[in-house]
Structure formats: structure tokens, C-alpha cells
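Subject: Structure for your files, with notes

Hello,

Here is the structure we talked about handing over. My notes follow below it.

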Amino acid sequence: MSRKSDQVWDELELTYSRWGLNEIPFSESVTTFSEAQLREVFTGREDQLRQVLNLFRGRERKRVLIYGGVGIGKTALMLEVLSVLKRKLQDTLTAYISLPANTDLATAAIVALARELKDDEWAQHQLNLMGLHPQTRPVEKSAMAKAGLGGTGIETEEKTVPVNKPEIPALSFEDLLNRALQKYARVVIAIDDLDKQDPARARELLRDAQGMLKGRAWFILTGHPSGLTRDILTRDLGLFDLALELTQLDQKTTNEMLINYLNSARPEHSRRLLDDPLAVRPFTPETARMLCERSEGIPRWLNRLGSYVLIKASELHTDTITPEILQAGFEYADQQLRGQTGLTPEDYYVLDLVLEKGVLSEAQISLADLDRVKAKEFNEILPILDKLVDLDLIRRLPSERAMEYEPSPLILRKLSDADDQPSE
């Protein structure tokens, strides 16, 4: 069996070698990349980068909101900004965190900042009291006499300091920020994934954090607010100096992103220029264009589709991704996305509703449709729809008048066979 396993590995090694790749270059989340890898694959967004970085040429602290749809590249832009600041501004401390569920913004900011202040004992206390692993273990030293007949001098005994969880996170953050500003001229807190909160919860978090956000730290947040939520975030509260919307990339930029990803997985001497027809290998120029068109300028969709297509192509031992191989990859992507863990029969039913109707909204759903998922109103199935959006099975249309959803281009429009779906 071991010999067979080695043979499979060697066959895959040979396939990827023929493609000129060391590995599959695509990833669904840029948080898995090192700073160097992110610099290799980050593509486009020059205008947005210029707007954000230009703020850091001034002395007055600013607050930035980066918003847009799921998978549009908000995290990538945020991390690229932080990477530039870290390289170019030695007197600036940057701290990043993906907002945990059921966590207020002040507590998230404490965690992000404390993790960067590795040598600050009080900062490490904050991590310890929240049950998080501190960078250095907070200890208390006490003196005691050496034991023994010949003992002279004193030695220290170390024990963990008992600490209490801060009752007012905003004030605890302010104390921590003051300590950081004794060492750095500027502190930048980046809080990612505000969009994973319920819109009402997101508004509540921002309202509660107004004092902290208007304090002495710089803040960068990401989310995908729309409608009323967007108005509150950008206007009513006056929280942000710059609210930056990210939209889909054009096809030329998407093709450039594809090449950058492929080059990042090639040996240094094998990397290709953008105008080289072999730069998209193992894709052909035609199938590279088809892949970019299907991803519709959404970076995460390009990554997911690209990964699935390469996996399928490697199973078929093909040297080149022809239109037929590409279609097989798209079908494989459809199969994998529909089979994601955690999907319930109700989720599949709502998905098939979206596929059947083309566009699903409150006006296009019947009482019988709602009854199938034990709901009385359209609002009751919004958590299911949001779940399907997060899984790239459907997408929300940018409508200001109503909540409308349509199938994601990552799945095929044909309804799933009943045998492929879990039974009630």
C-alpha cells in the first residue's frame, strides 16, 4: 500500500512539473499567505491603495471602512495596506484581527494590540485573563531566603498573577493604547470581517464603539453593508473618514491576477511576463479567458474555480486544460460546492428555489415555498440565504429596494438530483 501511495504522489508530482508548477497556487483566503506571497499575488486596486495610503501621509488619525461583496478582496486590500505600513513606517504599529463571533469591537481591538505588544507584561495579562495564549507568560516575582545551612542571598519564586477580566473593554483598550503610544508614534488597528455579523448586530457594535473609534488609534474595518446599514455606517454615525467600496475587477485585471497566482507557484527562473502566451499554462489563452469570465472579477471565485479545475485536471493526467477539461473542472466545482459539510435539507431546498426562480426575493416566494422550510415570512429564511452566500452557492444582488438573490456562477443552473442530497 505504501508503494502505491508513493506512486500516486509521484504521478501528481510529474503532472504539476509538466505544468511548471510546484503546487496549487490558489487559496480561498489570503490570510493563509505570508506577506511575501501576498505581495506576489495582489493585483489591481491601485486607486484604492492610493486613497488609503494617502491618508497615512497626514498626522491626524483616520478611520477607514473597506466594504464590498463576499470574496471581493477586502481582506487582501487591508493586509496589503498593513504590509506597506509595516515596511515603510518604522514608527507605526499595525495590529490585525478577524472579528470573532459574539465579540465587541473593543475586546477585539485589545486582543489584536496585545498580540503585537509581545514584550509588554500588562498586555500579556489581558490575553491571559481572556483565556487566550499570551506571547509571554505573565508572572509575579517574589523574594525569599535560600534554604539550607550554607544558603546565602535570595532567590525569586515565580507564580502566575491572578487577574480579573476587564469590565469595561473600551477603557482597557485605552490603557493598552496609551502604553503602545509610548513606544510608537502611530497605532493602526485593523478589524476584519464585520460583514460576518448580522446587520443589526453590526450597527450595534459600531454604535457601542463610537468612543473608541474616535479616539487616538487609527482604524481600518471591512464589511459589506448595503441599504440602511451602509447609510448608518458612512453617514449617520460619521464614523469613517473614508468609506471605500470595492467592486468587481475587469477582465484584464482578473487575467493578470490569474497569471500572478500561477507565477507564485513557479520556480523563479520559470516565471512568465504578463504578455507571454505561456504565462497562463497549463491553461490556454482561451480557457484562461473562460475561467476569468466565469469568476466575474471576484477574486475568491477565481481562486475557488482555479483550484477545483487544477485538481480535476491532475486527476485526468492532462498536459493542457482544454475547454473540455475546463468544463469537467467546473462540474467538479459544482459537485464540491453542493456537497459542503453543514448543509441541511432546508438549505438545499432554498438553494433549489433560487435555482428554479433565477432570482429569489420576498415578492417571488410563495407561502407554500416558505412552509417547506417551516417559515411564515421571507425574513425568517434570510439566515439560510446568508449562509448560502458565504458558501458561494448564491449571491445577493446589489439592490437598494429589496433583498434579491441569484445563483452563484460557481454552480451549474441544473437542479441537483434528489439522490445527491440528504433526506429529511
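In the contact between helices α13 and α14, the α13 side consists of Arg 304, Leu 305, Tyr 308, Val 309, Ile 311, Lys 312, Ala 313 and Glu 315. Facing them from α14 are Ile 325, Leu 326, Ala 328, Gly 329, Phe 330, Tyr 332, Ala 333, Gln 336 and Leu 337. Sorted by class, the contact holds 12 nonpolar, two polar and three charged residues. Please keep in mind throughout that this is a predicted model.

Two packed helices are described by the angle between their axes and the distance between the axes. For α13 (residues 299-315) and α14 (residues 323-338), the angle is about 115 degrees and the axes are 8 Å apart. The two helices are therefore roughly perpendicular. The crossing of α13 and α14 is right-handed.

From α3 the contact uses Gln 48, Leu 49, Val 52 and Leu 53, and from α4 it uses Leu 77, Glu 80, Val 81, Val 84 and Leu 85. By class, that makes seven nonpolar residues, one polar and one charged.

For the chain as a whole, there are 17 helices and nine strands. The chain has 424 residues, of which 48% count as buried. Among contacts with a separation of 6 or more, 69% are between residues 24 or more positions apart.

Some single residues follow.

Thr 43 sits in the loop between α2 (35-41) and α3. Is Thr 43 buried or exposed? Its relative accessibility is 3%, and buried means under 20%, so Thr 43 counts as buried. The side chain of Thr 43 has a polar atom 2.8 Å from the backbone oxygen of Val 41. The side chain of Thr 43 also makes a polar contact of 2.9 Å with the side chain of Asn 260. Leaving out residues up to four places away in sequence, Thr 43 touches Thr 253, Glu 256, Met 257 and Asn 260.

Leu 213 belongs to helix α9 (residues 210-213). With a relative accessible area of 1%, Leu 213 is buried. Beyond the residues up to four places away in sequence, it touches Arg 61, Arg 63, Leu 206, Phe 219, Leu 221 and Leu 239. The C-alpha atoms of Leu 213 and Phe 240 are 8.9 Å apart, and the two residues are 27 apart in sequence.

Lys 357 is in helix α15 (residues 345-357). Where does Lys 357 fall on the accessibility scale? Its relative accessible area is 31%, which lies between the 20% limit for buried and the 50% limit for exposed, so Lys 357 is partly exposed. Apart from neighbours within four places in sequence, Lys 357 is in contact with Gln 364, Ile 365 and Asp 369. With Asp 369 there is a polar contact of 3.4 Å between the side chains. Lys 357 and Pro 407 are 50 residues apart along the chain, and their C-alpha atoms are separated by 9.5 Å.

Last, the backbone. Most residues other than glycine have a negative phi, and most peptide bonds are trans.

- The peptide bond from Arg 281 to Pro 282 is cis, with omega near 15 degrees. Pro 282 is in the loop between α11 (251-264) and α12 (285-295).
- Asn 102 has a positive phi, near 60 degrees. This residue is in the loop between β2 (92-98) and α5 (105-116), and at 74% relative accessibility it counts as exposed.
- Lys 374 has a positive phi as well, near 60 degrees. The loop that holds Lys 374 runs between α16 (367-372) and α17 (382-390), and at 67% relative accessibility Lys 374 counts as exposed.

Regards

Conventions
Residues numbered from 1 in each chain as written. Predicted model: local features only at pLDDT ≥ 70, side-chain atom pairs only at ≥ 80, totals over all residues. Heavy atoms only, no water. Helix = DSSP H or I, 4+ residues; strand = E, 2+ residues; numbered from the N terminus. Buried < 20%, exposed > 50% of the residue type's maximum accessible area, 1.4 Å probe, protein only. Contact = heavy atoms within 4.5 Å. Polar contact = N/O pair within 3.5 Å; in protein donor to acceptor, adjacent residues only side chain to side chain. Nonpolar A, V, L, I, M, F, W, Y, C, P; charged D, E, K, R; others polar. Axes fitted to C-alpha atoms, helices over the stretch in contact; angles between N-to-C directions. Parallel < 35°, antiparallel > 145°, perpendicular 65-115°, else oblique. Left-handed = near helix turned anticlockwise from the far one by under 90°.
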